[in-house]
Amino acid sequence: MRFFRLARLALIPGLLLVAVPGVVAQQAPLRDGAVPNADRDDKPNLPEAPLPRSPAATLDRLFERLAAAKTAEEAKGIANLIQRRWARSGSDTADLLMTRAQDALKARELPLAIELLDRVITLEPDWAEGWNQRANALFLQGDPIRSMLDIAETLKREPRHYGAMTGLGTILRQQGDDKRAMVAYRRALEVYPQLEAVKDAVDSLKLEVDGRDA
């Protein structure tokens with residue numbers, strides 16, 4: 001999840017939701033010799049316009065690039081693009097509620113943030129980031145059990161959510177379950193190999209956990 005800001009395993013502040021104003025496309029006049037769309041079936045020799053890539057296809061490509069990134073800086077730029085896509089629910093109302101919830105989190109108004117995120121999840125139950133952000137708020141409120149339940153819901157909807165995996169690892173580590181924490185951290189690194197904070201966490205646990213199992 002983006003549950004923890006991936007720098008020294010501190011909790012992430014909420015993503016900034018970028019409002020994109022709607023753009024009204026105007027029909028441009030056809031140039032001489034151009035064929036209207038309606039006539040393309042009658043002229044099969046004309047090249048087909050490329051189909052726009054779906055958001056899912058774009059996200060898949062970003063994850064491929066994230067896994068192949070050679071440097072931490074390159075990976076961070078790709079991760080930012082992924083998080084911007086995670087921040088879009090497709091509902092203006094849910095996005096507005098999310099923005100208000102993030103403002104409440106920053107102000108440490110945790111009951112208000114959780115109430116707003118409850119409403120986000122009710123409106124958009126399939127939006128992974130709604131569950132992820134509520135997991136964040138619940139953790140900050142001192143409720144790691146409910147936080148882990150929301151992490152599970154996040155990963156059910158977005159199994160590649162490296163932030164959710166990192167958050168899970170951190171909670172498990174705090175509870176003394178280093179072995180399962182290591183599993184969660186390593187899953188995050190499978191998705192985001194350049195994630196420095198998680199690499200550090202794995203290194204700090206490796207000798208104890210791997211040595212214990214040897």
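User: What pattern does the protein chain follow when read along the sequence?

Analyst: The model is a predicted one. Its secondary structure comes to nine helices and zero strands. Read along the sequence, the protein chain therefore follows the pattern α-α-α-α-α-α-α-α-α.

User: What share of the residues of the protein chain count as buried?

Analyst: A residue counts as buried when its relative accessible area is under 20%. The protein chain has 214 residues, and the share of them that count as buried is 41%.

User: In which helix is Arg134 found, and is Arg134 buried or exposed?

Analyst: Arg134 lies in helix α5, which covers residues 128-140. Its relative accessible area is 13%. Buried means under 20%, so Arg134 falls in that class. The helix is α5, and Arg134 is buried.

User: With which side chain does the side chain of Arg134 make a polar contact?

Analyst: Leaving aside neighbours within four places in sequence, Arg134 is in contact with Leu117, Asp118, Ile121 and Asp150. A polar contact requires a pair of N or O atoms within 3.5 Å. At 2.7 Å, the side chain of Arg134 makes such a contact with the side chain of Asp150.

User: Are α4 and α5 roughly parallel or roughly antiparallel?

Analyst: The axes of helix α4 (residues 110-123) and α5 come within 9 Å and cross at roughly 160 degrees. Angles over 145 degrees count as roughly antiparallel. The crossing angle therefore makes α4, relative to α5, roughly antiparallel.

User: How do the residues of the contact of α4 with α5 divide into nonpolar, polar and charged?

Analyst: The crossing of these two helices is left-handed. On the α4 side the contact includes Leu117, Asp118 and Ile121, and on the α5 side it includes Trp131, Arg134 and Leu138. The residues of this contact divide into nine nonpolar, two polar and two charged.

User: Why are α5 and α6 described as roughly antiparallel to each other?

Analyst: Helix α6 covers residues 144-157, and its axis and that of α5 are 8 Å apart. The two helices pack at an angle of about 165 degrees. Because angles over 145 degrees count as roughly antiparallel, α5 and α6 are roughly antiparallel to each other.

User: How many charged residues are in the contact of α5 with α6?

Analyst: α5 passes α6 in a left-handed crossing. Among the residues that make the contact are Arg134 of α5 and Arg146, Asp150, Glu153 and Arg157 of α6. Alongside six nonpolar and three polar residues, the number of charged residues is five.

Notes: Residues are numbered from 1 along each chain as its sequence is written. This is a predicted model: local features need pLDDT of at least 70, side-chain atom pairs count only at pLDDT 80 or more; totals for chains, interfaces and linings use all residues. Side-chain values use heavy atoms; hydrogens and water are left out. Helices (H or I, at least four residues) and strands (E, at least two) are DSSP runs, numbered from the N terminus. Buried means under 20% relative accessible area, exposed over 50%, partly exposed in between (1.4 Å probe, protein chains only). A polar contact is a pair of N or O atoms within 3.5 Å; within protein, one must be able to donate a hydrogen and the other to accept it, and residues adjacent in sequence count only if both atoms are side-chain atoms. Contact means heavy atoms within 4.5 Å. Axes are lines fitted to C-alpha atoms, for helices over the stretch in contact, and angles run from 0 to 180 degrees between N-to-C directions. Angles under 35 degrees count as roughly parallel, over 145 as roughly antiparallel, 65 to 115 as roughly perpendicular and the rest as oblique. A crossing is left-handed if the near helix is turned anticlockwise from the far one by less than a right angle, and right-handed if clockwise. Ala, Val, Leu, Ile, Met, Phe, Trp, Tyr, Cys and Pro count as nonpolar, Asp, Glu, Lys and Arg as charged, and the others, Gly among them, as polar.
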